[in-house]
Amino acid sequence: SAASQDQKFCLQEVLDTFKLCLSEKKEVYLQHYVDGWRGLVKLLNSLGNVFGFISKDAVSKIQILVNHLSGENGSQYVTVQSMVKYEMDNGLVDLTKRGSHPESGCRTLLRLHRALRWLDLFLERLRTSTEDDKTSVMCAEAYNQSLARHHPWVVRTAAGVAFCVLPGRPAFFEVMNVGPPENVVAILGEALPLISEVYQVTEELYAQNNLLDIP
Ligand code: 1Q0
């Protein structure tokens, strides 16, 4: 049906969305960023219920950003650059300890931004992997090099358990829904530089504004 088709994950579609993220002036469009994450969450959901705790958190963060975008100050949230400026100029970010702005756009996006680094590392491993490589190992290595340092022990443990039940490489490629493994590899090769660039631009912006440690 049209509805179930709509729910179906397509790698190409998600990566196209990330392509749209960067403006000519290298600003990051929040709407496309959020749409990219929505597509990823679809994939995660199609992998099984064990990933529910991860997808729930991602969905709630996506929703916070959507609420900012559609709120009365939505025009300030068109790009990540304008969001940072607006929230910083107006004292809307808790910079050193949690306070009255637990749902600031800056804080919320930082969580997804850190996860984007994991995605970048994981997909690069996937792209260069061979048939015998294990997705669970690639995923865990990417996680340990990125997100893990931001997560408490309980979360790291739960994540470790979830990685173990990831489908194998063939099934994983199948889920991506773009044909044979060669296609997956080609699409990843095309898209990864763009995802990396979105990550780098955001990282620099956050670094310049001392926002990389928002609690
Ligand atoms: C494929 C397996 C997916 C593995 C995802 C790795 C991330 C594990 C993270 C587990 C933590 C989730 C539980 C909540 C954590 C929060 O405490 C934490 C911090 O937020 P806060 O408010 O408590 O300070 N939240 C986060 O760190 C955000 C985590 C978001 C993770 C979103 C992952 C979306 C995954 C997409 C699957 C993509 C599959 C790859 C193939 C795609 C091909 C284009």
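**Figure 1. Overview of the protein, with its charged side chains.** The protein carries 21 positive and 25 negative side chains, and the centres of these two sets lie 6 Å apart. The model shown here is predicted. It contains 10 helices and zero strands, so that, read from the N terminus, the order of elements is α-α-α-α-α-α-α-α-α-α. The radius of gyration is 17 Å, close to the 17 Å that the globule rule gives for 215 residues, and the protein is therefore as compact as a globular protein of that length.

**Figure 1. Overview of the protein and its charged side chains.** The protein has 21 positive and 25 negative side chains, and the centres of the two sets lie 6 Å apart. The model shown is a predicted one. It holds 10 helices and zero strands, and from the N terminus on the elements run α-α-α-α-α-α-α-α-α-α. The radius of gyration is 17 Å, close to the 17 Å that the globule rule gives for 215 residues, so the protein is as compact as a globular protein of that length.

**Figure 2. Surface, burial and contacts of the whole chain.** The accessible surface of the protein comes to about 11,100 Å², and 53% of this area belongs to carbon and sulfur atoms. Of the 215 residues, 44% count as buried. When contacts between residues at least 6 apart in sequence are considered, 69% of them join residues at least 24 apart.

Figure 3. Threonine 17 belongs to helix 2, which covers residues 11–19. With a relative accessible area of 15%, threonine 17 counts as buried, because this value falls under the 20% cut-off. A polar atom of the threonine 17 side chain lies 2.8 Å from the backbone oxygen of glutamate 13. Residues up to four places away in sequence aside, threonine 17 touches His32, Asp35 and Gly36.

Figure 4. Lysine 26 is found in the loop that runs between helix 2 (11–19) and helix 3 (30–46). Its phi is near 60 degrees, which is a positive value in a residue other than glycine. The relative accessibility of lysine 26 is 41%, and the residue therefore counts as partly exposed.

Figure 5. Isoleucine 64 has its place in helix 4, which comprises residues 52–70. At 14% relative accessibility, isoleucine 64 counts as buried. Although isoleucine 64 and glutamate 103 are 39 residues apart in sequence, their C-alpha atoms are 6.8 Å apart in space. Glu103 is also one of the residues that isoleucine 64 touches, together with Thr108, when residues up to four places away in sequence are not counted.

Figure 6. Serine 104 lies in the loop between helix 5 (80–89) and helix 6 (105–127). Although it is a loop residue, serine 104 counts as buried, at 3% relative accessibility. The side chain of serine 104 reaches the backbone nitrogen of arginine 107 at a distance of 3.0 Å. Apart from its neighbours within four places in sequence, serine 104 is in contact with His68, Glu87, Leu92 and Val93.

Figure 7. The C-alpha atoms of leucine 116 and serine 196 are separated by 8.5 Å, while the two residues stand 80 residues apart along the chain. Leaving aside neighbours within four places in sequence, leucine 116 is in contact with Phe18, Tyr33, Trp37, Ile195, Val198 and Tyr199.

Figure 8. Proline 180 is found in the loop between helix 9 (169–175) and helix 10. With a relative accessible area of 38%, proline 180 is partly exposed. Between proline 180 and glutamate 141 there are 25 Å in space, C-alpha to C-alpha, and the two residues are 39 apart in sequence.

Figure 9. Asparagine 210 is exposed, because its relative accessible area of 67% is over the 50% cut-off.

Technical notes: Residues numbered from 1 in each chain as written. Predicted model: local features only at pLDDT ≥ 70, side-chain atom pairs only at ≥ 80, totals over all residues. Heavy atoms only, no water. Helix = DSSP H or I, 4+ residues; strand = E, 2+ residues; numbered from the N terminus. Rg over C-alpha atoms; globule rule 2.2 N^0.38 Å. Buried < 20%, exposed > 50% of the residue type's maximum accessible area, 1.4 Å probe, protein only. Contact = heavy atoms within 4.5 Å. Areas by Shrake-Rupley, 256 points an atom, 1.4 Å probe, with all protein chains shown as cover. Lys, Arg positive; Asp, Glu negative; His and termini not counted. Charge placed at Lys NZ, Arg CZ, Asp CG, Glu CD. Polar contact = N/O pair within 3.5 Å; in protein donor to acceptor, adjacent residues only side chain to side chain.
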